[in-house]
Amino acid sequence: MAHARFPGRTANVAANLTSPVLGRPLCSNGTPWILYLFEECVENVWEYWSVVIGLISMFCFLLSTLPQVYEAYRNGKVEEAMSFGFLLFLFSGDLSSLVGCVLTSQLPIQIVAVVFYIFTDLLLITQFLYYKIKNNSSKKRPMLKWLCFLWCGASTVALLILPKFITDNNTSANTESASNSVEISGYACGYVASIFYLSSRFPQLYKNFKRQSTEGTSYMLFALAMMGNGTYGLSVIVVLPALVGSKQTFILKHLAWLIGSLGVLLLDFFVTAQFIIYRKNRSAKTSKKLNVPEVEPLLCEEEELSTF
C-alpha cells in the first residue's frame, strides 16, 4: 500500500526477492540502484519507469510548499490570501497518510517523505498564525517572532527524530505477521487522507472567489502539486502491463490514493482558472490606476489657465 503521494509496492517484494545468508536480497536481473535504495526487484521497463515517475512525483511534492513559504515571507499578508481551512485539511491529510504508512509498514523513504510534508505544513500554518496575530495587533510583540522560531526549531528536531523512531519500530514489528485489522485500518487511513486532500481545495477556491483575487498566493504551490498528483497517477497506471496477478486487485489497493491524487488534480484546474481570471482583473485595475495621474495634471493646468 502507498501513502497518498508515492506508490508503494512492498506487497510484492517478498515474492520477487530471495534473501542470502548476509540478509541482502538477490535480484539477478533487477536494476541495481533501485534494489539498493528501495530493496525492490525491478526486472522490466514498466516497473522501472513506474519507480522513476513515482520519484518525480515525490520530488514535486517536496518542493511544492516552498514557493508559498517565500511568498508569505515577501508580502507578509498570508492571512488575507490563504485559507486556514486549506492548510488545516492539508495537514490532516498528511497526518492520516503517515498513520497509513506506519500501519502498513511502508518503505523508509516513504515515511521520511510524508514526515517532510508534515513539516512544511506546520511551517505554513505557523507563518499564517504569526502574520495573522502580527497584522491584527496594534502593539509590537517582539516575543512572537522568538516563539515562532522556537516552535519551528522544536518541530524540526522532533520531525528529524520521528522517521528513525518509526522505521525502527516497523523493523521490529515486521517479524510478526500483521493482522487483517491493522491492514484494513491502514487502507481506511488512505481513504481518510484522500477525503482531507480533496476537501483542502474548497476553502481556498471560496477564499479566492470571495476576494476576486489570488494575490498573496503562489501559483507554484498548485502547479507543483498538479505535477505531483499527475505523475503519481501515471506511476500507478504505467506498472499495469507488467503485473502478473490481478490488475483489478492492484487498482483496488491503490484506489483511495488514485481518487485523492486525480481528484485534487481536477480541482487544481479550477484554481488555475482563478489565477488566470483574477490576474486579468488585477491587470485592469492596475492600468486604471496608472491612467489617473496622467489626466490629473492636464486638468490642473486647464484650471490654472482659466483663472487668468
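An unreviewed UniProt entry lists residues 48-70, 82-105, 111-131, 143-166, 178-198, 219-243 and 255-278 under "transmembrane region". UniProt positions follow the numbering used here, feature names are shortened, and annotations may be inferred rather than shown by experiment. The model is predicted: local features need pLDDT of at least 70, side-chain atom pairs count only at pLDDT 80 or more, and totals for chains, interfaces and linings use all residues. Residues are numbered from 1 along each chain as its sequence is written, and side-chain values use heavy atoms, with hydrogens and water left out.

Two of the listed spans are set out below. Helices are DSSP runs (H or I, at least four residues), strands likewise (E, at least two), numbered from the N terminus.

Helix α10 has 20 residues, and at 1.5 Å a residue it should span 28 Å; its end C-alpha atoms are 28 Å apart, which agrees. The expected span is 1.5 Å times one less than the number of residues. Of the 20 residues in α10, 14 are buried. Buried means under 20% relative accessible area, exposed over 50%, partly exposed in between (1.4 Å probe, protein chains only).

The largest nonpolar core holds 34 residues. Such a core joins buried Ala, Val, Leu, Ile, Met, Phe, Trp, Tyr and Cys residues through side-chain atoms within 4.5 Å. Met82, Phe86, Leu87, Leu98, Tyr117 and Phe222 touch the most other members. Elements giving two or more residues include α6 (84-103), α7 (108-136) and α10 (219-238). The largest share, twelve residues, comes from α7. Another core, of ten residues, lies apart; Tyr187, Tyr232, Leu243 and Leu258 are among them.

The whole structure has eleven aromatic pairs. Rings of Phe, Tyr and Trp (its six-membered ring) pair if their centres lie within 6.5 Å; planes under 30 degrees apart count as stacked, over 60 as edge-to-face and the rest as tilted. Phe89 and Phe196 form a tilted pair, at 6.1 Å centre to centre and 35° between the planes. Phe89 lies in helix α6 and Phe196 in helix α9, so the pair ties together parts 107 residues apart in sequence. Phe89 is partly exposed at 30% relative accessibility, as is Phe196 at 22%. Ring pairs also link Phe86, Tyr219, Phe222 and Phe275 into a cluster.

Helix α9 also holds Cys189. Cys189 is buried, at 16% relative accessible area.
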